[in-house]
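Here are my notes on the two-chain model you asked me to look through. Please read them with the structure open beside you.

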Amino acid sequence: MSSVGSFTASLSELDVPWTRSTVDALDGVLDDVLAPPTVAAPLGLDGYSLTDRSDVTLDPTPGDLDGATTGLTAAGPAIADYGSVVVRADAAGSEPVSLYCERHVAVVAESAVLPSMRAAIGELGDAIRDGLTGAVVATGPSATADMGELVYGAHGPTEVHVVVVEGR
Amino acid sequence: MASDPAHERQGHDAPHDDSHEDRAARIRRLLATEGPAVHENTVGFNEGRYESVARLDDYEALKEEARTIKEDAIERLPALVEAVTEAVEARGGHVHLAADAADANRYIAEVCTDADADHVVKSKSMTSEEIAVNDALADAGLRVTETDLGEWVLQLADDAPSHLVAPAIHKSREEIARLFEHTFDLEDPPETATELTRFARERLGEHLADADVGLTGANFVTADTGTITLVTSEGNARKTVAATDTHVAVAGVEKLVPTVEDLAPFVELIGRSGTGQDITSYVSLLTPPVDTPTLDFDADETGDPETREFHLVLLDNGRLDMREDDDLRETLYCIRCSACANTCANFQQVGGHAFGGETYTGGIATGWEAGVHGLDAAAAFNDLCTGCSRCVEACPVGIDIPWINTVVRDRLNRSGETDRFDFLVDGLTPDAESGGPPLQKRFFGNFERVARLASATAPLSNRLAATDVVRAAMERTLGVDRRRALPQFRRETLVEWFAGRPDPLVTDAFDDVTREVVLYPDLYTNHVHVERGKAAVRVLEALGVRVVVPPVGSSGRAPFSQGMVSTARAHAEAVTDTLLTHVEVGRDVVTVEPSDLAMFRSDYHHLLDDDRFERLAAASFGCLEYCYGLFEHDERRTEQFDVPPADRRVAFHGHCQQRTLGLDGYTEGVLERLGCDVATSTVECCGMAGSFGYKDDYYELSVAVGEDLRDQFTVEGCADRTVVAGGTSCVEQLDALLDRPATHPVELLARALV
Ligand code: SF4
């Protein structure tokens with residue numbers, strides 16, 4: 001199985017919905033998966049910009065974060081074995097955007113899907129030595145079992161949707 | 001050493017002032033109150049662990065790698081501390097190496113004052129519990145809010161964690177609902193787990209928005225980059241960092257690993273080992289100060305990431321001394337995953353409020369408590385480790401947790417007062433112990449002498465021991481619970497029987513094997529279960545093996561379990577002297593009792609020099625393991641048996657130490673080869689664990705553990721099976737709990753001989 005195939009298989013096992021999309025079709029996919037209001041950080045895809053979307057707030061204030069239902073961010077690398085995506089901290093606020101809303105939509109370039117945890121940590125090691133200050137390996141929604149049974153949506157998102165961008 | 005521990009929080013039983021009765025009463029109370037919730041959760045985690053690690057192709061190799069990284073990191077610790085200090089400071093952060101709890105707390109309070117803070121939010125951290133930072137910050141006039149849902153519940157309830165990973169594991173949903181209702185005086189109180197979670201999220205969201213300083217722990221800190229790794233699920237640790245401008249991370253110095261790449265095996269192992277999740281929701285790799293905008297919820301503004309501040313507090317608090325301590329050092333490899341607690345049959349029943357000290361819980365708590373709070377902090381609960389060893393294979397870094405418990409027990413024994421009843425056992429049991437192990441420990445630890453005397457005077461000794469007067473006296477002076485049936489000593493020991501019997505009939509139908517064996521006459525087989533020994537001799541001879549049963553002393557298992565290491569070592573040396581003379585002339589050593597085999601194959605490496613240990617270990621076998629090997633040599637050997645129809649359906653309980661050695665499969669294999677249908681229990685231990693179940697403090701706990709096993713063997717489909725168990729203890733426990741007898745597998749084989 002290709003890494004992308006096993007990545008999406010892992011997502012399915014985690015009950016994390018996913019979509020594959022080209023850059024051209026991305027807006028249509030986002031129309032479906034963004035539950036408004038949406039806050040976002042730039043997706044870092046060449047030739048695509050969120051500034052054209054009026055339903056998305058970039059550089060959100062704390063109030064925007066609190067009021068939004070969906071947080072849209074880029075993510076990568078992704079880890080095929082685990083169905084994990086890595087959210088990188090940046091000045092555009094990817095970390096809070098991916099954390100504060102009910103739903104996190106993570107956009108992953110196909111080429112960023114790595115087979116294993118070890119490969120991902122290797123890549124992160126290089127990135128950290130290059131100045132990356134925060135990386136969260138996120139797998140599925142936030143969860144707690146502290147209230148007597150398993151509940152999704154503890155302090156972080158209750159649902160995660162992953163979009164894999166083909167050809168990137 | 002920390003002096004103002006969290007145990008002063010109400011609801012956490014102070015471990016120091018417990019007399020004999022208090023301990024029994026506390027265990028009884030916890031069995032009834034917190035036990036059920038703890039049991040359900042830990043058993044679930046433990047099952048999850050088995051399933052999750054089975055999905056890894058390279059589990060053993062990952063554990064090996066994790067162990068090697070930890071060994072290396074602790075070895076090079078001073079250099080790693082230097083490296084991390086450089087890395088953090090180069091990025092504008094600050095590092096403080098705190099000598100003890102007071103030093104750490106003083107520093108953290110200063111950071112808060114300098115930041116003009118009045119509210120600190122915290123994510124879950126056992127190290128911060130160790131230094132009781134909440135109390136220290138409260139004394140400095142700060143408000144502290146725990147944001148992990150479980151920790152918040154405990155904070156509201158003024159309770160203490162009972163588990164390393166799931167701190168409020170002892171609280172049921174109903175209790176939490178009542179707590180919220182009363183604390184917040186709610187009209188329409190949340191009830192379901194989802195409602196309770198929502199409620200907590202909202203309340204804590206306000207605290208997070210309000211706070212100035214975020215205090216986290218760290219699961220790992222990489223020395224090359226100063227990267228703090230946090231393994232979490234709720235997202236509160238992420239918010240604790242994101243929502244505050246000043247981040248303080250508190251980590252024991254042992255959390256350092258050399259490089260980011262070294263995180264890989266730990267990230268794969270920690271969740272699987274602990275709660276049985278392949279990975280938790282979030283593994284944060286933070287190399288602060290983090291380049292993420294600051295969040296000012298009041299002003300509804302984001303701010304420049306550049307204004308973030310970071311402090312790493314590296315805590316010594318006894319760890320650097322542990323590093324110099326050959327026996328406690330391994331404790332520093334611990335990644336606090338909780339597997340050793342979840343897999344522990346005793347922990348499953350009572351949880352960390354009994355099986356834990358001032359801060360830490362479960363089997364490894366003995367090492368942590370002795371190291372950071374002092375030997376006495378481990379005294380009250382250390383005996384709850386029975387040495388069953390099930391945690392050893394569960395531990396992702398392969399710590400010999402039972403050995404740490406044995407060593408600490410030994411040290412506690414040596415620091416003890418001489419018991420006023422010591423004269424009772426002195427004449428009976430001259431042992432090699434200096435200082436004063438408690439009387440009960442000396443009695444059980446020197447059981448060989450008791451057994452010899454009792455055999456010599458049997459059956460009178462049995463009749464005498466059965467009288468009410470003697471049982472009452474034994475309970476009062478030795479703590480031997482009178483509800484337990486005592487072993488019935490036999491006048492003629494196995495060794496005596498063997499020496500006096502006519503020449504054996506060894507089958508010579510099989511010419512493939514010319515081995516001779518020493519059947520090891522362990523204490524119980526020699527003095528009590530003599531028939532079992534005879535059965536083993538008959539079976540081995542029927543399979544074409546020549547057997548000798550020489551007089552050999554006891555293995556030292558008994559004193560070893562009581563923490564009487566010198567006495568155990570004296571036994572080990574003497575037994576090895578004798579057995580190696582047989583090994584040298586080409587004999588194998590075959591054992592009936594798995595706990596003695598575990599001594600020869602595993603525990604003796606702590607007691608003997610390497611060469612002697614390895615020679616004996618390589619020559620020692622369990623008797624079913626040996627039969628299995630003989631079947632492999634010549635399949636026709638199975639024709640020596642015709643299992644009677646009544647024995648063809650078997651319920652098998654593998655002895656705990658036998659399972660850890662990976663030998664339980666041989667019993668199943670042999671029985672299946674002889675046409676039996678075998679259903680195997682999944683409980684980790686029968687609960688008897690040698691002397692443990694005899695001790696009056698632990699009798700009820702021992703029975704509670706055994707009930708899990710009884711339940712498995714009395715369900716439909718199992719209730720009519722012949723009960724087979726590998727160890728003397730397991731057979732005794734099963735005999736006490738079931739209305740049908742339990743049998744050692746070699747006895748089942750003997751009665752199937754054609
Ligand atoms: S001793 Fe091993 S099993 Fe126990 S908590 Fe530590 S790492 Fe986990």
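A residue is called buried below when its relative accessible area is under 20%, exposed when that value is over 50%, and partly exposed in between, as computed with a 1.4 Å probe on protein chains only. This is a predicted model, in which local features need pLDDT of at least 70 and side-chain atom pairs count only at pLDDT 80 or more, while totals for chains, interfaces and linings use all residues. Residues are numbered from 1 along each chain as its sequence is written, chains are lettered from A and ligands numbered from 1 in the order in which they are written, and side-chain values use heavy atoms, with hydrogens and water left out.

1. Glu110(A) is partly exposed, with a relative accessible area of 24%, and sits in the loop between strand E7 (103–109) and strand E8 (113–114) of chain A; helices (H or I, at least four residues) and strands (E, at least two) are DSSP runs, numbered from the N terminus. Leaving aside residues up to four places away in sequence, Glu110(A) touches Val4(A), Arg20(A), Val164(A), Val165(A), Glu166(A), Gly167(A) and Arg168(A), where contact means heavy atoms within 4.5 Å. The C-alpha atoms of Glu110(A) and Pro77(A) are 9.4 Å apart, although 33 residues separate the two along the chain.

2. Glu166(A) and Arg20(A) meet through their side chains in a salt bridge (3.0 Å, N to O), the term being used for a side-chain nitrogen of Lys or Arg within 4 Å of a carboxyl oxygen of Asp or Glu. Because Glu166(A) lies in the segment after E12 of chain A and Arg20(A) in strand E1 (residues 18–21), the pair ties together parts that are 146 residues apart in sequence. Glu166(A) is partly exposed at 29% relative accessible area, and Arg20(A) likewise counts as partly exposed, at 35%.

3. Strand E7 of chain A. Of the 7 residues of E7(A), 6 are buried, so the strand is largely enclosed by the rest of the structure. Strand E4 (residues 70–75) of chain A runs parallel to E7(A) and is joined to it by 6 bridges, with Ala75(A) partnered by Val108(A); strands are said to pair if DSSP finds at least two bridges between them. E7(A) is also joined, again in parallel, to strand E12 (residues 159–165) of chain A by 7 bridges, and in E12(A) the bridge partner of Val105(A) is His161(A).

4. Extent of the interface. How many residues of chain B are in contact with chain A? There are 61, and they meet 51 residues of chain A. The area buried between the chains is about 4600 Å², of which carbon and sulfur atoms give 58%; buried area is the accessible area (1.4 Å probe) that two parts lose on being put together, summed over both. Arg201(B), Arg238(B) and Leu285(B) supply 14% of the area that chain B buries against chain A, more than any other three residues.

5. Pairing across the interface. Strand E9 (residues 134–138) of chain A and strand E9 (residues 282–286) of chain B pair in the antiparallel sense over 5 bridges, and Val136(A) has Ser284(B) as its bridge partner.

6. Charged pairs between the chains. The rule finds 5 salt bridges across the interface of chain B and chain A, including one between Glu65(B) and Arg118(A), whose closest N and O atoms are 2.6 Å apart. The side chains of Arg198(B) and Glu102(A) also meet in a salt bridge (3.1 Å, N to O). Arg198(B) lies in helix H10 of chain B and Glu102(A) in the loop between helix H4 (94–100) and E7 of chain A, so this pair joins two chains.

7. Glu254(B) is buried, with a relative accessible area of 0%, and is placed in the loop between strand E7 (246–252) and strand E8 (256–257) of chain B. Asp647(B) is buried too, at 6%, and forms a salt bridge with Arg751(B), the closest N and O atoms being 2.7 Å apart.
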